[in-house]
Each structure stands twice: as structure tokens, then as C-alpha cells.
Amino acid sequence: MLVDPIDVRKCTIKGLQSDLSFLDKAVPIGTDEYLERRDRLAQALLASGADAFVLEPGYTFQYYANTSQGDWEPWEPEERPFLMLILPLSSEDGVISAKTAFLAPHFEEGRVRMLGIPSREPELDIVTWEEHRDPYTTLLQSRLFADLRERNNGRNPKLMIDEEMRDFIARGLANAGFETLGLSPEVELVRQLKSPAEVEVLRAVNTGTVVAVRAMRPCLVAGLTEDQVRDVLDTALLSIGFGLFFNIVLFEEDGALPHGGFVAGKKKLNHETMVVIDVGAHYLGYSSDICRSFFIDPATKQAKSTLLMGMIRVGSTPLKRSDSSSELHAEKLKVWDIVLEAQTAAAAQLRANNTAASVDIAARKVISEAGYGYAFTHRLGHGIGIKAHESPYLNKWNTRVTIRPGMTFTNEPGIYLEGKFGVRHEDVYLVKEYGQAELLTERRATGPYEP
């Protein structure tokens, strides 16, 4: 039978766009929130004994300045350092606030001012450097650190380096005389705790991504390839204003590799196929990261009830499975339920004051007791925000991190049976001050035909 992906695409988009209410409460992050983030960062820097925080265009820069790497240099990261610095200032009454400044090539000063970076000051404070000078020495000798060095009897400033900072810049700062520090837990916590506005954007993009997969499933037909299904889902996400990020579509044994492999893409779909889709999108600067495992509808409506009993109907003619096929299908159903039970157990542990390790252990216990512990091959989850993968990380050795209200996590247990199939369920949760975590993906999967 000839499969027309265009019909599948139209069906998916129609289903997805029938109700877009999940977007209603999501609005762009406001200017005041960017400034408040920097103030919280300034307080964290003071608590960490750092004189300033330094970062370059990337996800962290986007978080504090509403400017991404692509906004600054769309073709590739620039070899000339353009840096943002945030310094803690203390008022006479003890209020800690952020002083924000920038280091930029002199010839780029005008372009920096055009970026629209939120600021309390009428003009951005920019230290410029000439290309025949060392930019890091220029920064050290600038007005930004003159008073600090004088107060500290010439002690060089302590700069906390963002985790995304490229090595040549970090080395350049250290060689110029700055004392460089890694991220402190206090500074990491600033991004880990999500504001109400962030939560609504995360809810919108993650719910929308799940709804897109759910809208697509009944439109899928036998004969489609993994690549064709990926393209249908990409088109659907674009149709509601989401930006594409990643989209991994895996059938059967391809799904036994959690992130697929280089040869995936050409396998064809049938009514027995266990489909695993791990997909993320971007919306208003924030990321989704969800996973669903499911079957497509049987060939006829009448077949749906008989499929679970070991038969497939095509028209009115029943086709019995071979014994090996029946056993494989039964194992798929069994594993699907075990993974859902593991996700439920983890969600129950996703509470304030529990350790990150305890959440992973709860899911791992369910899977291990079912006899598949060897096949749960990755951590349970991770923080999520502007980046799809952020700290803290949910793994069984992460006993030092305590879960806090306002943190957001993925919860994504899986079982992967090489040469056969894989199953993973992934949803996003918000940790609350009291009680269980709040689901940010509308609803969880309820069955292999209801992802």
C-alpha cells in the first residue's frame, strides 16, 4: 500500500490545532524579571565570596540578558571575547543589588547597544578593548575593578566563571591576573528555582509537545518510516509556533538504544511496532523534553480488542500471531506497564527536602524488582528550563543535592532490550512547597494506545 505522508501531516496538524489553550498563560519573560535574576545572582555571589560573575553569549547569557548566542553571532561563536559581568553592590542600608557591565571589542560597541539587553541604567556600561591590546588585561585595569583592588590592598578580583565559558577565555582571564572560580551551589540555585512566569512557559512548551505526539498517533499508518514520522511531527510543532530542537523517532530494536543510532531512520512502521519518540522543542526561549512509547491503531477498529488477545484482524479475516510474535507482544505490554509504574514511584518521591538520589532509586527499585534492572541504563532525569538538560541531575549517587520547591525536572525511566525494543515514559514536573510535584505535561500516558 502506498503511504502518503502529506495526508498524515494534515491529519496531525488538524488534531493538534483543534485546541491550543495550553498556550494561553505563557508570555515572554519581562524586563523586570531579568533584572531581579541578576539581583539574586549578586546575593549568591556575595554568599560565595566572589567579586563578579562572568559569562559569554549562550544559555546563561540568555537567562540573565535575554540574548542568545544566535542573537549575537548567528554563524558561529566569535573568537573575540564579548563578556557580561555581574558584580554585587551593597547599599548603605544593606540591600544587595547587581551592577551589570560588558567587555566588548571597540568596533562592536554600537552593536552591543542595539541588542536590547534589559538594564536599569539609561545606557549599558561597556568596557571596550582595542584589537592590538589584550582584552583580559584591559578588563582587569578598567574602572570596574579599580575601587575593588584599592579596597583589598591590590588583591586581584575573584571571578566566578560560567560553566559554558570557553577554555581560551577562562585561561585568558586567569593569565591576566584574575582569580577564577567554578560555579558555587548558591549561584547554580538561581537558575534552578523557576519563577511563576517560567513555569507557565515550561508548561506550555512541554504540554504542547506531548499534545503534538498524541495528535499524531491516530494519524500514523503502517509503511511510514522513522524519518517520515519525525518530519510529520516537526511540521506539526512548527505549525503552532514552536522552534525545532531535537526529534528522535525509533521503531522496535532501534528503540533499545535510548538516543538511537546513526543507522536509524529507515525502518518501517507496522501494527506491532513499539514506537519510541523522544522530542524537544523551544518556545519563548524555554525547552521541552518529553518521551512517549506506543503502538499505532490496529488495521481495523474491530482488531483493537483482539490485538491484546494475540490476534490481528485485517478486514474480517483474523490472522494469528506465531508463538514467538505473541510472546514478544506480551513482553512489550508488560514492560510498558513496568516503566509506567516506575515513573509513578519516582513522582511520589519528587518532593521538597528529598535527595535527588532518592527519586532515581524509587524508579530503579520498581524496574529491578520486575527483573529488568540491567536494562535501565541511564539516570532517571534532570533539571529543565532554558536548557533541556540543566542541573540538578536525578541519579542514584546524587545524595548531596536536596530538592527545593520551584525546581523542575524530567522523570524518564526506561527499559531497553537490545535486539528487541525499548520503552521510555518522560514527563516534566514542578516541585511544590508541600505535597507531590505538579505535572507540567497536561497528563501522563495511560496505555500503549493512549500516550
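This is a predicted model: local features need pLDDT of at least 70, side-chain atom pairs count only at pLDDT 80 or more; totals for chains, interfaces and linings use all residues.
Tyr-283 is found in strand E8, which covers residues 275-283. Is Tyr-283 buried or exposed? Its relative accessibility is 16%, and the cut-off for buried is under 20%, so Tyr-283 counts as buried.

Now show what lies around Tyr-283. Leaving aside residues up to four places away in sequence, Tyr-283 touches Leu-23, Ala-26, Val-201, Ala-204, Val-205, Gly-241 and Phe-242. Pro-28 and Tyr-283 are 255 residues apart in sequence, but from C-alpha to C-alpha they are 9.3 Å apart in space.

**The whole chain**

Zoom out and colour by secondary structure. The chain has 14 helices and 19 strands. Its C-alpha trace spans about 90 × 45 × 40 Å along the principal axes. The chain has 451 residues, and 54% of them count as buried. Take the contacts between residues at least 6 apart in sequence: 67% of these join residues at least 24 apart.

**Two helices: H1 and H11**

Select residues 5-16, which form helix H1, and residues 226-239, which form helix H11. The two helices pack at an angle of about 35°, and their axes are 9 Å apart. The crossing of H1 and H11 is right-handed. On the H1 side, show the side chains of Pro-5, Val-8, Arg-9, Thr-12, Ile-13 and Leu-16, which make the contact. On the H11 side, the contact is made by Gln-228, Val-232, Thr-235, Ala-236 and Ser-239. By class, the residues of this contact are six nonpolar, four polar and one charged. The spacing of the numbers can be read with a rule in mind: an α-helix has 3.6 residues a turn, so residues three or four places apart point the same way.

Next, select residues 185-192, helix H9. Which residues of H9 are buried? They are Val-187, Leu-189, Val-190, Arg-191 and Gln-192.

Keep H9 and E14 on screen. The second largest pocket holds about 250 Å³ of space. Its lining consists of Pro-185, Glu-188, Leu-189, Gln-192, Ser-391, Pro-392, Tyr-393, Asn-398, Val-401, Thr-402, Arg-404 and Met-407. H9 and E14 are the elements that give two or more residues to this lining. The largest share, four residues, comes from H9. Sorted by class, the lining of this pocket has six nonpolar, four polar and two charged residues.

Pro-392 lies in strand E14.

**The largest pocket**

Move to strand E2 (83-90) and helix H7 (143-151), the elements that give two or more residues to the lining of the largest pocket. The volume of this pocket is about 300 Å³. How many residues line the largest pocket? There are 13, and those nearest the centre are Leu-87, Pro-88, Leu-89, Leu-148 and Arg-151. H7 gives the most to the lining, with five residues. The lining of the largest pocket has seven nonpolar, one polar and five charged residues.

**A cavity**

A search of the whole structure finds one cavity of 30 Å³ or more. The largest cavity holds about 40 Å³ of space. To find it, select its lining: Glu-56, Pro-57, Gln-69, Trp-72, Glu-78, Arg-80, Phe-82 and Arg-166. Of these lining residues, three are nonpolar, one is polar and four are charged.

**Two residues with positive phi**

Select Asn-66, in the loop between H3 and helix H4 (69-72). Its phi is near 60°, a positive value in a residue other than glycine. Asn-66 counts as partly exposed because its relative accessibility is 40%.

For the last stop, go to Glu-442, in the segment after strand E19 (438-439). Glu-442, a residue other than glycine, also has a positive phi, near 65°.

How values were computed
Residues are numbered from 1 along each chain as its sequence is written. Side-chain values use heavy atoms; hydrogens and water are left out. Buried means under 20% relative accessible area, exposed over 50%, partly exposed in between (1.4 Å probe, protein chains only). On a 1 Å grid over the protein atoms alone, a cavity is a set of points where a 1.4 Å probe fits but cannot get out, and a pocket is an open set with protein on both sides within 12 Å along at least five of seven lines; lining residues have an atom within 4 Å of a point. Grid points are joined across faces, edges and corners, and a volume is the space filled by probe spheres set on the points. Ala, Val, Leu, Ile, Met, Phe, Trp, Tyr, Cys and Pro count as nonpolar, Asp, Glu, Lys and Arg as charged, and the others, Gly among them, as polar. Axes are lines fitted to C-alpha atoms, for helices over the stretch in contact, and angles run from 0 to 180 degrees between N-to-C directions. A crossing is left-handed if the near helix is turned anticlockwise from the far one by less than a right angle, and right-handed if clockwise. Contact means heavy atoms within 4.5 Å.
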